[in-house]
Amino acid sequence: MAKRVPHVVVLGGGFGGLSVIRRLRRREVVLTVVDRCNYHLFQPLLYQVATAALSPADIAYPLRTIVRDAPRVRVLMAEVRDVDLSRRVVLLDRDEEEPYDYLIVALGATHAYFGHDEWADVAPGLKTIQDAIEIRGRFLKAFELAEREDDRVRRRALLTFAIIGAGPTGVELAGAMAEVARSVLKREFRHIHPETARIILIEAAERVLGPYPEELSARARGQLERLGVEVMTGAPVRSLEPGRVCIDD
């Protein structure tokens, strides 16, 4: 009687999911990777897509290409609805089920609005390619609108960008936006001066890159300020609406 090969289902094709695939692809198991996208996204470079330094294709690699030489690995582009632990099946969209012997959940994380989900429309997060494209569109369009704006107050508002959260993503995004405004776009317009754009990085904690050593945090802040970024620490956001960020004193 042939030995039954265990079926391992991996939810998520990010760094965690790929790590599992690399470790198990040569083992006596059948692997099924389930992800809502059919590509692996290199999230650390999303900020470069958001500032038009890279195209989405530069940071998204097809999952099927990654596992092409691993015949025991299958990729399903599907949305996970639930997991039935008693029956050992993953419930997918289109009312489909995927049975498993072993289940590995590597779905990653998302941004949080700390109980203020209504802020999402005003301030998109940066976790997906769609997020990056949305931010890129808003960022570049602001300069175009400012070019056509004669009112100095409204023009100044259009050229003011607030980034909430000074973790790695916020720090990188703020720095990249400042570089684009002060270097890339500097000579592209006739009515406005892109290099005068205000890039404001707002952080509730007392320093940027809080989980990192204080020396690294201080160096990062210094580099941001040399780029012209206004860094506000110890400034928790109280409310958020189009065109306005209110922080606690």
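Domain bounds here come from an automatic or database domain assignment. On that basis the chain splits into domain 1 (7-105) and domain 2 (117-247), and the C-alpha centres of domain 1 and domain 2 sit 32 Å apart. The two parts do touch: 13 residues of domain 1 are in contact (heavy atoms within 4.5 Å) with 15 residues of domain 2.

A word on the ground rules. This is a predicted model, in which local features need pLDDT of at least 70 and side-chain atom pairs count only at pLDDT 80 or more, while totals for chains, interfaces and linings use all residues. Residues are numbered from 1 along each chain as its sequence is written, and side-chain values use heavy atoms, with hydrogens and water left out.

Now for the sheet. Helices (H or I, at least four residues) and strands (E, at least two) are DSSP runs, numbered from the N terminus, and two strands pair if DSSP finds at least two bridges between them. Four strands make up an open sheet with parallel pairing, in the order S5-S2-S1-S9. Its edges are strand S5 (73-77) and strand S9 (102-105), each pairing on one side only. On average, neighbouring strands of this sheet are turned by 20° against each other, direction ignored; the axes behind such angles are lines fitted to C-alpha atoms, for helices over the stretch in contact, and angles run from 0 to 180 degrees between N-to-C directions.

Strand S2 (residues 30-35) runs parallel to strand S1 (residues 7-11), and 5 bridges join them. Val10 has Val33 in S2 as its bridge partner. To get from S1 to S2, the chain passes through helix H1 (residues 15-24) in a right-handed β-α-β crossover (clockwise from the first strand over the helix to the second, with the strands pointing away from the viewer). Leu11 stands opposite Val34 in S2. S2 also pairs with S5 in the parallel sense, over 5 bridges, and there Asp35 is partnered by Met77 in S5. Because 5 of its 6 residues are buried, S2 is largely enclosed by the rest of the structure; buried means under 20% relative accessible area (1.4 Å probe, protein chains only).

Helix H7 (residues 214-226) is worth a look too. Its 13 residues should span 18 Å at 1.5 Å a residue, and the end C-alpha atoms are 18 Å apart, which agrees; the expected span is 1.5 Å times one less than the number of residues. Ser217, Ala220, Gly222 and Leu224 of H7 are buried. The buried residues of H7 pack against helix H6 (168-184), strand S11 (198-202) and strand S12 (230-232). After H7 comes Gly228, with a positive phi near 100°.

Note on methods. Buried means under 20% relative accessible area, exposed over 50%, partly exposed in between (1.4 Å probe, protein chains only).
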